[in-house]
Amino acid sequence: MSVHTEYHHRWLRQPASTYWWLKKPVYFAFILREGSCMFVGWFVVYLLLLVRAVLEGEGAYRQFLLWSATPGVLVVNVVTFGFVVYHAVTFFQAAPQALVVHVGRRRVPARLVLAGHYVAWLATSIVIGWLLLGGTA
Amino acid sequence: MADRIRLQVARYRPEQESEITFDEYEVPCHKEWVVLDGLNHIKDRIDGTLAYRWSCRMGICGSCGMTVNGEPKLTCATFLSEYAPGPVRVEPLGNFPVIRDLIVDIGDFMRKLVRVKPWIVREAEKPLADGEYLQTPDELDEYKQFSMCINCMLCYSACPIYRLDPKFIGPAAIALAQRYNLDNRDEGASARMDVLSEHEGIWGCTFVGECTTVCPKNVDPAGAIQRYKLTAAVESMKAFFMPRGAER
Amino acid sequence: MIKRHPEPMLWMLFSAGGVVSGMLMPVLVLVLGIAIPLGWVDAPSYGEMAGLLAMRLTRLVLLALCVLSLFHWAHRFRHTLYDGLQIKHLNEVIAVTSYGVAVVGSAVAAYLLWQVPSGSGGM
């Protein structure tokens with residue numbers, strides 16, 4: 001079960017389990033966060049299917065709308081919503097640690113970098129929502 | 001509160017056995033005792049064959065890191081009463097080869113540490129007559145957090161990437177490299193970049209963040225790594241797009 | 001000198017993809033994936049949708065969203081297989097496949113979005 005190291009035949013190295021991520025809640029949350037990428041990928045496909053439907057004409061567009069309302073697709077998209085929000089929140093949380101901004105000699109506090117992300121998130125969401133829900137000029 | 005507590009301590013006697021076994025001891029549980037006090041009691045009064053490392057017993061030397069109830073901890077900074085009524089499981093620090101009982105081999109970290117050149121690197125030292133290198137409090141704040149590292153390696157123990165790929169350079173080494181990169185007296189950033197930008201350098205990290213959670217000195221190695229990823233990526237793009245204009 | 005390997009660039013794409021998908025996807029999923037199918041709001045008419053897509057800005061933003069999100073997916077997917085499931089011996093294959101899928105997907109997105117003004121039938 002345990003393996004000995006190459007440096008010394010009697011030093012014990014315990015192998016890592018493939019299920020290491022089930023051992024601690026933090027590790028599980030990490031894998032969930034990484035898993036959110038699958039739903040990001042799925043939604044790109046969904047968006048492109050929509051674009052293709054619009055390209056093919058009104059009939060195809062109506063069919064796409066009907067398909068998007070089928071229970072299977074709907075459930076997938078609800079789960080997708082949960083995961084993309086989780087992705088956004090965890091990604092924005094990480095951003096201030098990578099993005100250390102200086103204005104002159106003073107460092108912008110991490111809270112402000114984080115707040116900036118949320119403001120941008122809110123603003124773009126409002127704009128997109130407005131565009132989609134009939135706000136076109 | 002109970003005045004005694006059971007410690008389940010991992011034992012590994014390479015001359016006798018090839019696996020880790022556990023011995024149980026009952027020690028007093030005084031209000032001010034830490035796990036290290038419990039281990040010292042065992043060694044002094046119950047079983048003198050127990051082998052473990054410790055030194056300052058006040059959280060500055062970094063010697064006494066072990067796995068306590070599954071979490072990497074400094075045993076001199078972890079109160080026994082926290083675990084009452086017990087039992088408390090004490091194992092060697094995870095992700096390192098075990099030499100004996102609670103002692104692990106830290107050679108891997110020591111070799112990696114040297115590779116990141118954790119000292120001030122300068123082209124030329126200022127002559128003594130020119131006086132000292134001046135540094136404002138703001139300039140100190142840029143790297144001060146990363147200078148708090150006591151090399152206790154709890155972060156390596158918590159890092160799943162290091163467990164899965166022991167070639168990963170690891171959180172403390174990168175945080176210490178950053179401590180010098182961000183020091184305005186240092187000129188060695190590009191020398192360190194070679195080592196850090198290897199595949200098992202910073203790019204091995206997937207930002208689990210456990211290293212920062214377990215650090216007893218609030219060093220935030222995860223933050224150091226993410227910040228350095230951005231720096232290295234920007235440098236890489238500069239080198240790619242402006243090969244002659246890029247700084248060496 | 002930095003050793004030349006693609007990791008920094010791939011990480012930048014992953015990061016950009018993370019920000020863009022984080023910012024834009026929640027509202028898009030909510031409206032296009034949940035609210036409209038469930039009838040909470042009316043779907044845009046074909047004319048309105050085609051008009052939206054015909055705008056150059058929409059297509060550019062959508063292209064950026066698709067391309068960057070695909071590379072975000074590829075990078076995370078590849079790393080999770082490597083770290084999470086420890087499929088180390090297939091590391092090269094997985095990396096090439098993941099980024100390959102992202103490249104192909106990006107090409108498909110570009111192709112579709114390029115076609116929009118000439119392709120929309122209901123205007």
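Visitor: Which residues touch the most other members of the largest nonpolar core?
Guide: The model is predicted. Its largest nonpolar core holds 72 residues. Those that touch the most other members are B:Met153, B:Cys155, B:Ala172 and B:Ile174.

Visitor: Which helix of chain B gives the most to this core?
Guide: The count is 7 residues. They come from the helix spanning residues 171-181 of chain B. That is helix H6.

Visitor: Why does this core lie between two domains of chain B?
Guide: Look at who gives residues to the core. Both domains of chain B do, so the core lies between them. The two are domain 1 (4-104) and domain 2 (107-241).

Visitor: With neighbours within four places in sequence left aside, which residues is B:Met153 in contact with?
Guide: Contact here takes C-beta atoms within 7 Å. Sequence neighbours within four places are set aside. The partners of B:Met153 are then B:Gly65, B:Leu93, B:Ile106, B:Phe109 and B:Ala172.

Visitor: How many residues are in the other core, which lies apart?
Guide: This core includes A:Val51 and A:Val84. C:Leu32 and C:Ala74 are also among its members. Its size is 52 residues.

Visitor: Which helix gives the most to the side of chain A that touches chain C?
Guide: On this interface, 45 residues of chain A are in contact with 50 residues of chain C. Helices H1 (25-56), H2 (58-68), H3 (71-98) and H4 (110-132) of chain A each supply at least two residues to chain A's side. By class, that side has 3 charged, 12 polar and 30 nonpolar residues. The top giver, with 15 residues, is H1(A).

Visitor: Where do the buried residues of H2(A) sit around the axis?
Guide: The buried residues are A:Tyr61, A:Phe64 and A:Ser68. They cover an arc of only 60° around the axis, which means they are on the same side of H2(A).

Visitor: What do the buried residues of H2(A) pack against?
Guide: The face turned away from the buried side carries the exposed residues A:Gly59, A:Gln63 and A:Leu66. The buried residues pack against helices of chains A and C. Those are H1 and H3 of chain A, with H1 and H2 (46-54) of chain C.

Visitor: Which helix supplies the largest share of the side of chain C that touches chain B?
Guide: Here 12 residues of chain C are in contact with 17 residues of chain B. Helix H1 (7-35) and helix H3 (56-83) of chain C each supply at least two residues of chain C's side. That side has 6 nonpolar, 3 polar and 3 charged residues. The largest share, 5 residues, comes from H1(C).

Notes: Residues are numbered from 1 along each chain as its sequence is written. Chains are lettered from A and ligands numbered from 1 in the order in which they are written. This is a predicted model: local features need pLDDT of at least 70, side-chain atom pairs count only at pLDDT 80 or more; totals for chains, interfaces and linings use all residues. Two residues are in contact if their C-beta atoms, placed from the backbone, lie within 7 Å. Helices (H or I, at least four residues) and strands (E, at least two) are DSSP runs, numbered from the N terminus. Ala, Val, Leu, Ile, Met, Phe, Trp, Tyr, Cys and Pro count as nonpolar, Asp, Glu, Lys and Arg as charged, and the others, Gly among them, as polar. A nonpolar core is a set of buried Ala, Val, Leu, Ile, Met, Phe, Trp, Tyr and Cys residues joined through C-beta atoms within 7 Å. A residue is buried if 20 or more other C-beta atoms lie within 10 Å of its own, exposed if 12 or fewer, and partly exposed in between; C-beta atoms are placed from the backbone. Domain bounds come from an automatic or database domain assignment. The arc is that of the directions from the helix axis to the C-beta atoms.
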